[in-house]
Amino acid sequence: MKPNYDIAVIGAGPAGMAAAATAAGQGATVLLIDEQDTPGGQIYRSLSRQNLKDKAILGPEYYAGHKLIAELETSRVEYCPGTTVWQVSEEREIGISGNGAARLLTADQIIIATGAQERPFPVLGWTLPGVMGAGAAQVLLKTGGVTLPDAVFVGTGPLLYLVAHQYLRAGIPIKAILDTTPQGNTFRALAHLPKALADLPSLIKGRRWISQLRASGIAFIKHVGDVRCVGEDTVEAIEYWQSGQWNRIETQAVFLHQGVVPNVNLAMAAGCEHIWNNAQLCWHAKTDKWSQSSIPGISVTGDGAGINGAKSAEISGRIAALGALHRCDLIDTAARDRLAAPARRALAREVRIRPFLDALFRPSQNFRVPANDQTIVCRCEEVTAGAIREAVDLGCMGPNQLKSFTRCGMGPCQGRMCSLTATEIIAQSRNETVANIGAMRLRPPVKPLLLGELADLAIPPDEPNPKVG
Amino acid sequence: MPRLDRNGDTSVSIEFEGVAISAFEGDSVAAALLSNGYRNFRDTPVNGASRGAFCMMGVCFDCLVEINGIGNIQACMTEVRAGMHIRRQRGARDIHAQDGSL
């Protein structure tokens, strides 16, 4: 590894792989850093060593990722897997950690492609072992083909139906699907349908998943108004509110999902300006048409800059790379614009369906802002919705003050699982907009590292480490 | 928990709470534990509540376990290695001198 690169890319999902390969293809020295041991991000997770016998389970869209992985593998990108980035500074210094050692390096341009995470789904009992994200269930399918039979799928959004459909294809029994899509969504989504019709194959595919799930005999319960997971040390049942009463289903596994949101921690801690997206109900970095953030030389691309899906992420990654190459003086303006033109046309085609999906699967307020005071919001510090509302009553103005009131957001996940919920609760209690309340302030290290690793940074690399020498 | 049919897996033997369990190369510790029927990975430091894997992608830090004596390890982000000794993390992790290797 070198101390400096033309371009460092963080995250080896579709956006990061495409950005890195595009940049290296134009002669830049490129480092691609990723937390996972194999490339692909979550969407193409474990693809390079996937050994499921039945390829129909994960489907052709998953295996299509081979093309991008091959492009990366045949490129001159220096790929650094199994490595965590714990800091990106405004001066473009990157702190990384892997194999028990930390180090610092710099890059003329940094492209943050940290993707998305599942939106928090704060309901009673969502911390019980056996309750997981539907995305988590899909990660288990992709890594070692691990399944949890007789699970109850709960929520809304394409990924929920996709994972349920993958279980169906795999012949794994599903106990029930509890659909929380609010009733009014279909009507509101209709306004975006004409534009979405341009991507008819995607619409048909989604309809097919749902109709096949319903035809399969799995209990498919619509208009679920509330849910709670119950059990002692692990989940034993799920209770749901529908048609004016509580119902109960015994189960040892619950998969929750209500969409995905940008994974913003690294870009926020770097100081990149973020904006509230009211259509997608999330924060994302403010970027220009070349994905550059408010900090010169730091770009944010892919789902981390707003949710548009894997194909859009790949295209956006290439556009971000062209912008970075241009700022490195490795390509001129004419070349940048010429190379970006087909990508921009492809991106425009890809995003047509998004406003329709955003409106159709917009999670309802009561599943984002838990009405029940007992519901845990901050899983790490076990701070409830009631404790947050109490803090607001005492004068708490926003999520940063909330930390001193309650420790909400100060555990190991650093707000990844609670900051959206906490901010929305405060906004509702104070009768303010989320944009006015503001995001939880984040600081490096954004991922924990050992004190020893941090201390070793003080030893210049050419000097023997007294600990081992 | 059943596994889907796969081609050419290499099995690896690990230990959870002193019990030998089987896993496969490439498994995360979390996937290995879940596939052996273990859902409860730790107790929280605040209320002593049980927790297990939740996000499976390194975001939520709920799957923290102790591996070979080192605490606060994300089970979903750590690949199994033959002979790993894994324990539930009880409350906050212990800090003691170690060489930082898994």
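The model described here is a predicted one.

In chain A, strand 12 and strand 13 (residues 237-242) run antiparallel and are joined by 5 bridges. Within this pairing, Asp226(A) stands opposite Trp241(A), which belongs to strand 13 of chain A.

**A sheet of five strands**

Chain A also holds an open sheet of 5 strands, with the order 8-15-9-10-11 and parallel pairing. Here the edges are taken by strand 8 (131-133) and strand 11 (219-221) of chain A, and because each has a single partner strand, one side of each is left without a neighbour in the sheet. Neighbouring strands of this sheet are turned against each other by 20° on average, when direction is ignored. Strand 8 of chain A runs parallel to strand 15 (residues 254-258) of chain A, and 3 bridges join them; in this pairing Gly133(A) stands opposite Leu256(A) of strand 15 of chain A.

Which strands does helix 4 of chain A touch where it packs on the sheet? Helix 4 (residues 134-142) touches strand 8 and strand 15 of chain A, and its direction makes about 80° with that of strand 8 of chain A. Helix 5 (residues 158-170) of chain A packs on the sheet as well, touching strand 9 (151-156), strand 10 (174-179), strand 11 and strand 15 of chain A, while its direction makes about 155° with that of strand 9 of chain A.

**A hairpin, and the pairings side by side**

Strand 17 (residues 274-277) and strand 18 (residues 282-285) of chain A pair in the antiparallel sense, with Trp276(A) opposite Trp283(A) in strand 18 of chain A. The hairpin of these strands has 4 residues between them, and in it Leu281(A) takes a positive phi near 50°.

| Strands of chain A | Sense | Bridges |
|---|---|---|
| strand 8 and strand 15 | parallel | 3 bridges |
| strand 12 and strand 13 | antiparallel | 5 bridges |
| strand 17 and strand 18 | antiparallel | 4 bridges |

**Where the two chains meet**

The size of an interface is often given as the accessible area lost when the parts come together. Chain B and chain A bury about 3,800 Å² between them, with 58% of it on carbon and sulfur atoms. In chain B, the residues that lose the most area to chain A are Leu4(B), Arg39(B) and Phe54(B), which together account for 21% of what that side buries. Counted by residue, 39 residues of chain B are in contact with 51 residues of chain A.

There are 2 salt bridges between chain B and chain A, and Arg49(A) forms a salt bridge with Glu79(B), in which the closest N and O atoms are 2.8 Å apart. Across the interface of chain B and chain A, 18 residue pairs are in polar contact. Helix 1 (29-35) and strand 4 (50-51) of chain B are the elements that give two or more residues to the side of chain B that touches chain A, and helix 1 of chain B gives the most, with 3 residues. The residues of that side of chain B divide into 18 nonpolar, 12 polar and 9 charged.

Definitions and conventions: Residues are numbered from 1 along each chain as its sequence is written. Chains are lettered from A and ligands numbered from 1 in the order in which they are written. This is a predicted model: local features need pLDDT of at least 70, side-chain atom pairs count only at pLDDT 80 or more; totals for chains, interfaces and linings use all residues. Side-chain values use heavy atoms; hydrogens and water are left out. Contact means heavy atoms within 4.5 Å. Buried area is the accessible area (1.4 Å probe) that two parts lose on being put together, summed over both. A salt bridge is a side-chain nitrogen of Lys or Arg within 4 Å of a carboxyl oxygen of Asp or Glu. A polar contact is a pair of N or O atoms within 3.5 Å; within protein, one must be able to donate a hydrogen and the other to accept it, and residues adjacent in sequence count only if both atoms are side-chain atoms. Ala, Val, Leu, Ile, Met, Phe, Trp, Tyr, Cys and Pro count as nonpolar, Asp, Glu, Lys and Arg as charged, and the others, Gly among them, as polar. Two strands pair if DSSP finds at least two bridges between them. Axes are lines fitted to C-alpha atoms, for helices over the stretch in contact, and angles run from 0 to 180 degrees between N-to-C directions.
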